[in-house]
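Subject: The structure we talked about

Hi there,

Here is the structure I promised to pass on.

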Amino acid sequence: MNFWRRSLAVARKEVRQLRRDRFTAGMIVGLPAIQLMLFGYAINTDVRHLRAGVADQAGTQLSRRLVDDAQASQVIDIVARAETPQQLEAWLRDGTIAVGLAIPRDFERRLALRDRAPAQLLIDGSDPAVQQATRSLAGLPVAVRSVPRAAREQPTFELRAFYNPERRSAVQIVPGLIGVILTMTMVLFTAVAIVRERERGNLELLINTPVRTTELMLGKIAPYVVIGMVQTTLILLLGRLAFDVPVRGSLLDLYVASLVFVAASLSLGLLFSTLVSTQMQAFQLTFMSFLPQILMSGFMFPFDGMPRPARAFAELLPLTHFVRLVRGVILRGATLGELLHELWPLAAFFAVTVSVAIARFRKRLD
């Protein structure tokens, strides 16, 4: 009886402590809710509505009907129209589109003779899910009675997969792993940085020094910037030696993009350090932020397969833009100039987050 009384006393004490710790209580409810919403609503392996561009050089009623039929399949959404297939390739390289429909001038003659494929599908092969989803379009029938039945039964599109025609998973995964690993380590390191100083009693000493808040924040993250660059180099070397992942773009562009992403991740960790009071809470908050980033960034699941509201939220996450950046530079050979639309959101995220972190830190000091 004494054994059970003592055990119940400890249990009651633990329950009271959990009731006082509102952050942990929120995690108990928040984590299941977040996972349920992510896997039940946002994650969709049935890829639809891929961003597509069209270069219809034929400009005939038959070619326009083919484009309409392709869009009616819901596999693609036409978001841009080009004059030449070369422009479609440029859009594939900078990530504007994932699929290109190239219809030549002699489309109807090719359709009648069937000596070669009447049209082409240009596919961003850096994501194998895109290749798999667009294969259904290759056999899209031509719904025109004037075309012979034998011609209608043959494939309409020739598939041209760029950047990863072998569909090797490592080619897709390794570049994205740079962002995943940097997110996990950079956010966690800085999230516990300020909290650790507070728990050890060193924060009061730092307050009494002539170091300003901005200088303290920048000094805290500076060593981790170097660590982030070392991790990037290590992943690139292992990816090249172990999995033969090519680096088609400029290494300088890749390191500049990584530097901006590391700064954005570190600023998020600093913000977390101003929201929590213990290292355990810092770990919990880091995990909560890591889960939606890895699931919604396009690293594991196709970005275009998510519902529109989920995609809008994912655009606010740093990893979403970095996955596009790193795959664009490494796999597609794109330059930072072509990917500027993915770089500036990371810079804006850093500026806003570090400003909020500095403001909150000053408030806590008061």
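Below is what turned up, going from the strands to a few individual residues and then to the salt bridges. Please keep in mind that this is a predicted model.

Let me begin with strand E1, which covers residues 50-56. Five of its seven residues are buried, so the rest of the structure largely encloses this strand. E1 has parallel pairings with two other strands. One is with E2 (residues 76-81), to which E1 is joined by five bridges; here Arg-51 sits opposite Asp-77. The other is with E3 (residues 99-103), again parallel and again over five bridges; in this pairing Ala-55 has Ala-102 as its bridge partner. If you follow the chain from E1 through helix H3 (residues 61-72) to E2, you trace a right-handed β-α-β unit.

You will find Arg-332 in the loop between helix H14 (318-330) and helix H15 (340-365). Is Arg-332 buried or exposed? With a relative accessible area of 8%, Arg-332 falls under the 20% cut-off, so this arginine counts as buried. A polar atom of the Arg-332 side chain lies 2.8 Å from the backbone oxygen of Arg-93. Leaving out neighbours within four places in sequence, the contacts of Arg-332 include Leu-92, Arg-93, Asp-94 and Gly-95. Also among them are Asp-124, Ser-126 and Tyr-163, along with Arg-324, Arg-327 and Leu-339.

Which residue forms a salt bridge with Arg-332? That partner is Asp-124, and the closest N and O atoms of the pair are 3.5 Å apart.

Helices H14 and H15 have a link of their own. Glu-342 and Arg-324 form a salt bridge, with 3.3 Å between the closest N and O atoms. Glu-342 is in H15 and Arg-324 in H14, so this pair ties together parts that are 18 residues apart in sequence. Glu-342 counts as buried at 7% relative accessibility, whereas Arg-324 is partly exposed at 22%. As noted above, Arg-324 is also one of the residues in contact with Arg-332.

A further salt bridge brings together the side chains of Asp-106 and Arg-110, at 3.2 Å from N to O. Asp-106 is partly exposed, with a relative accessible area of 23%, and Arg-110 is buried at 16%. Salt bridges with shared partners connect Asp-106, Arg-109 and Arg-110 into one network. Over the whole structure, the search finds seven salt bridges.

Ser-289 is buried, its relative accessible area being 15%. Not counting residues up to four places away in sequence, Ser-289 touches Val-187 and Phe-272.

That is my tour of the structure.

Best wishes

Definitions and conventions
Residues numbered from 1 in each chain as written. Predicted model: local features only at pLDDT ≥ 70, side-chain atom pairs only at ≥ 80, totals over all residues. Heavy atoms only, no water. Buried < 20%, exposed > 50% of the residue type's maximum accessible area, 1.4 Å probe, protein only. Helix = DSSP H or I, 4+ residues; strand = E, 2+ residues; numbered from the N terminus. Pairing = 2+ DSSP bridges. Right-handed = clockwise from strand over helix to strand, strands pointing away. Polar contact = N/O pair within 3.5 Å; in protein donor to acceptor, adjacent residues only side chain to side chain. Contact = heavy atoms within 4.5 Å. Salt bridge = Lys/Arg side-chain N within 4 Å of Asp/Glu carboxyl O.
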